[in-house]
Amino acid sequence: MSLQLITEFDLPDVNIACADNRDFLHSLADESMQLVVTSPPYNIGKSYERRGSLDFYLQEQAAVIAECVRVLRPEGSICWQVGNHVSKDGEVFPLDIVLYPLFKHHNLKLRNRIIWHFEHGLHCRRRLSGRHETILWFTKTDDYVFNLDPIRVPSKYPNKRYFKGPNVGKLSGNPLGKNPGDVWIIPNVKSNHVEKTIHPCQFPVELIERLVLSMTNVDDNVLDPYMGVGSAVIAALMHDRQGYGCDVVQEYVDVAWRRISALRQGTLRTRPMHKPVYDPKLPNGGHW
Ligand SMILES: C[S@@+](CC[C@H](N)C(=O)[O-])C[C@H]1O[C@@H](n2cnc3c(N)ncnc32)[C@H](O)[C@@H]1O
């Protein structure tokens, strides 16, 4: 089936471009974004980056982070999703540790260091295979948006009740479910994932949906300055927020537009937020 391609002229709530992020950020007004959520290159020689010295990488990150802080609203959040930089001799540099001081330089406050655990990836021979990455969640002030109810997950014992005290017999947990905690088990986008595109390391949309739902309200602006194929923009649009993003690779931006077109035409497939992780021990892997 052929899709009619939607463009910037059709969608006032989408602002994406093929551009260097510093140029794109300069075009945005101070304090205009409620959420900046992104995954920068890790300086490990992927197809879309040039491996350079760690010092040079940090200088570039510092410049982009400074601009992200400028465009962030006072009630806003920055989520920087990173893994490890691995040097040519195999030494590992966890990027959240290396980048943390760049955010503290702007007096941002860390609210969570979320562990994103996934089960597939490279098999290492000289160290343990990496099966997690992190999201550093910073806020600009103490007065920040955080909506817990839309991201609650089913409680383990939903019918558990107080067995003594003044509330005896009443439900002890929140009937809407529990706080999802700071360890998130979400499949990464490998070849058999419904969201897989040409991009070698795209976000699973459900990862960003949780951040969008909890850290923004309807109509707020969400920005990804290293947008890739637009997964964060899609998560924003799915929940009636406005999506902003840029990438230097035209091919990725073209895919982002195609995905946005498919979303608007109701044909984009994404992995649903509450779908359990495939478990080979259960019938049909535990999937409905
Ligand atoms: C880790 S990927 C992000 C993928 C994205 N999260 C997604 O879901 O598709 C990093 C992206 O940053 C882009 N990039 C690298 N340097 C950039 C720059 N200076 N400005 C804008 N984008 C850049 C790369 O082309 C790459 O697509």
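Reader: Quick one to start: in which hand does helix 2 pass helix 3?

Author: In this predicted model, helix 2 passes helix 3 in a right-handed crossing.

Reader: And at what angle do their axes cross?

Author: The axis of helix 2, which covers residues 54-71, and that of helix 3, covering residues 95-104, cross at roughly 40° and come within 10 Å. The two helices are therefore oblique to each other, given that an angle has to be under 35 degrees to count as roughly parallel.

Reader: Which residues meet there?

Author: From helix 2 the residues are L58, Q61, A62 and I65, and they meet V98, L99, L102 and F103 of helix 3. Sorted by class, this contact has 7 nonpolar residues and 1 polar residue, with no charged ones.

Reader: OK, what about helix 5 and helix 6, at what angle do they pack?

Author: Helix 5 (residues 231-238) packs against helix 6 (residues 250-264) at an angle of about 20°, and their axes are 10 Å apart. That is why these two are described as roughly parallel to each other, and their crossing is right-handed.

Reader: Which residues of helix 5 and helix 6 meet, then?

Author: On the helix 5 side there are V233, I234, L237 and M238, while helix 6 brings A256, R259, I260 and L263. By class, the contact consists of 7 nonpolar residues and 1 charged residue, with no polar ones.

Reader: Changing topic: I was looking at T139. Where is T139 found, and is it buried or exposed?

Author: T139 is in strand 7, which runs over residues 132-139.

Reader: What is T139 in contact with, beyond its neighbours within four places in sequence?

Author: With those neighbours left aside, T139 is in contact with S77, L108, K109, R111 and Y144. There is also G76, which is 63 residues away along the chain, although its C-alpha atom and that of T139 are separated by 6.0 Å.

Reader: How many of the contacts in the whole protein are between residues 24 or more positions apart?

Author: Such pairs account for 68% of the contacts with a separation of 6 or more. As for the rest of the overall picture, the protein has 6 helices and 10 strands, and 30% of its 288 residues count as buried.

Reader: And what radius of gyration does it have?

Author: The protein has 20 Å, which agrees with the value near 19 Å that a compact globule of 288 residues would have. Along its principal axes, the C-alpha trace spans about 60 × 50 × 45 Å.

Methods:
Residues are numbered from 1 along each chain as its sequence is written. This is a predicted model: local features need pLDDT of at least 70, side-chain atom pairs count only at pLDDT 80 or more; totals for chains, interfaces and linings use all residues. Axes are lines fitted to C-alpha atoms, for helices over the stretch in contact, and angles run from 0 to 180 degrees between N-to-C directions. Helices (H or I, at least four residues) and strands (E, at least two) are DSSP runs, numbered from the N terminus. Angles under 35 degrees count as roughly parallel, over 145 as roughly antiparallel, 65 to 115 as roughly perpendicular and the rest as oblique. A crossing is left-handed if the near helix is turned anticlockwise from the far one by less than a right angle, and right-handed if clockwise. Two residues are in contact if their C-beta atoms, placed from the backbone, lie within 7 Å. Ala, Val, Leu, Ile, Met, Phe, Trp, Tyr, Cys and Pro count as nonpolar, Asp, Glu, Lys and Arg as charged, and the others, Gly among them, as polar. The radius of gyration is taken over C-alpha atoms; the globule rule is 2.2 Å times the number of residues to the power 0.38. A residue is buried if 20 or more other C-beta atoms lie within 10 Å of its own, exposed if 12 or fewer, and partly exposed in between; C-beta atoms are placed from the backbone.
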